[in-house]
Amino acid sequence: MSLGNSLFHARKKRGLSQEDVAEKLGVSRQTISKWETDETLPDIRQSKKLAVLYHVTLDELVDFDIEVKEIQEVIQKTSEETQQKIDWTKMWAQKYPVLATYQQQVDTQPYTAKLTAMLSQLCLEYGYSDEDAFLVLKDILAQIWNTQIAIAKQR
């Protein structure tokens, strides 16, 4: 996404008009429009002011993705009680059908035993709670996956 597009979506997310932003920054509405259409770029001082105004970091503003931001906000606002009610496997199976079918195809017992041992080891060695150990193991698996993707892209 271009910086201009990021600026546009961040402004819209805050419910501000170009006029509102222009007034707060002491520039014209046309300047805001030019930034949002990538005709010109705000200088670093103006960019910092925009980030503050839009309640994001400068890095987030440069890489602003409205869909990612909305997902992050939903996750942060979802209570633990509500999360417990969601069948996450069913939800993710809509995107990844293998999650709905693997249990009929894969003997999970050997994997369950090994993963349970790894979780216990994380708890013992590092004093993690069961939940923290699970999250660490999940993150390790995600890192392995990302490494595999990076290797595949290099081929």
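## A nonpolar surface patch

Helix H8 (residues 88-95) supplies the largest share of the nonpolar patch, namely three residues; helices here are DSSP runs of H or I with at least four residues, strands are runs of E with at least two, and both are numbered from the N terminus. The patch lies on the surface and is formed by Trp 88, Met 91, Trp 92, Tyr 96 and Val 98, with about 550 Å² of accessible area together. Patches consist of residues with over 30% relative accessible area and no salt bridge, with like charges joined within 9 Å and nonpolar side chains (Val, Leu, Ile, Met, Phe, Trp, Tyr) within 5 Å. A salt bridge is a side-chain nitrogen of Lys or Arg within 4 Å of a carboxyl oxygen of Asp or Glu. Accessible areas follow the Shrake-Rupley method with a 1.4 Å probe, and for residues only the protein chains shown count as cover.

## Basis of the model

The model is predicted: local features need pLDDT of at least 70, side-chain atom pairs count only at pLDDT 80 or more, and totals for chains, interfaces and linings use all residues. Residues are numbered from 1 along each chain as its sequence is written, and side-chain values use heavy atoms, with hydrogens and water left out.

## Aromatic pairs

Rings of Phe, Tyr and Trp (its six-membered ring) pair if their centres lie within 6.5 Å; planes under 30 degrees apart count as stacked, over 60 as edge-to-face and the rest as tilted. Trp 92 lies in helix H8. Trp 92 is partly exposed at 45% relative accessibility, and Tyr 96 is partly exposed at 41%; buried means under 20% relative accessible area, exposed over 50%, and partly exposed in between (1.4 Å probe, protein chains only).

The rings of Tyr 126 and Tyr 128 also form a stacked pair, with centres 5.8 Å apart and planes at 25°. Tyr 126 is exposed, at a relative accessible area of 54%, whereas Tyr 128 is partly exposed at 32%.

## Overall architecture

The protein chain contains eleven helices and zero strands. Its radius of gyration is 22 Å, well over the 15 Å that the globule rule gives for 155 residues, so the chain is more spread out than a compact globule. That radius is taken over C-alpha atoms, and the rule is 2.2 Å times the number of residues to the power 0.38. Along its principal axes, the C-alpha trace spans about 65 × 40 × 35 Å.

Of the 155 residues, 19% count as buried. The accessible surface of the protein chain comes to about 11,900 Å², and 55% of this belongs to carbon and sulfur atoms. Among contacts (heavy atoms within 4.5 Å) between residues at least 6 apart in sequence, 46% join residues at least 24 apart.

## A buried arginine

Arg 11 is found in helix H1 (residues 3-13) and is buried, at 3% relative accessibility. Apart from neighbours within four places in sequence, Arg 11 contacts Leu 16, Ser 17, Gln 18, Val 21, Glu 36 and Tyr 54.

## Positive phi in two loops

Most residues other than glycine have a negative phi. Asp 38, not a glycine, has a positive phi of about 65°. Asp 38 lies in the loop between helix H3 (29-36) and helix H4 (44-53) and is partly exposed at 37% relative accessibility.

His 55 likewise has a positive phi, near 60°. His 55 is placed in the loop between H4 and helix H5 (58-62) and counts as exposed at 53% relative accessibility.
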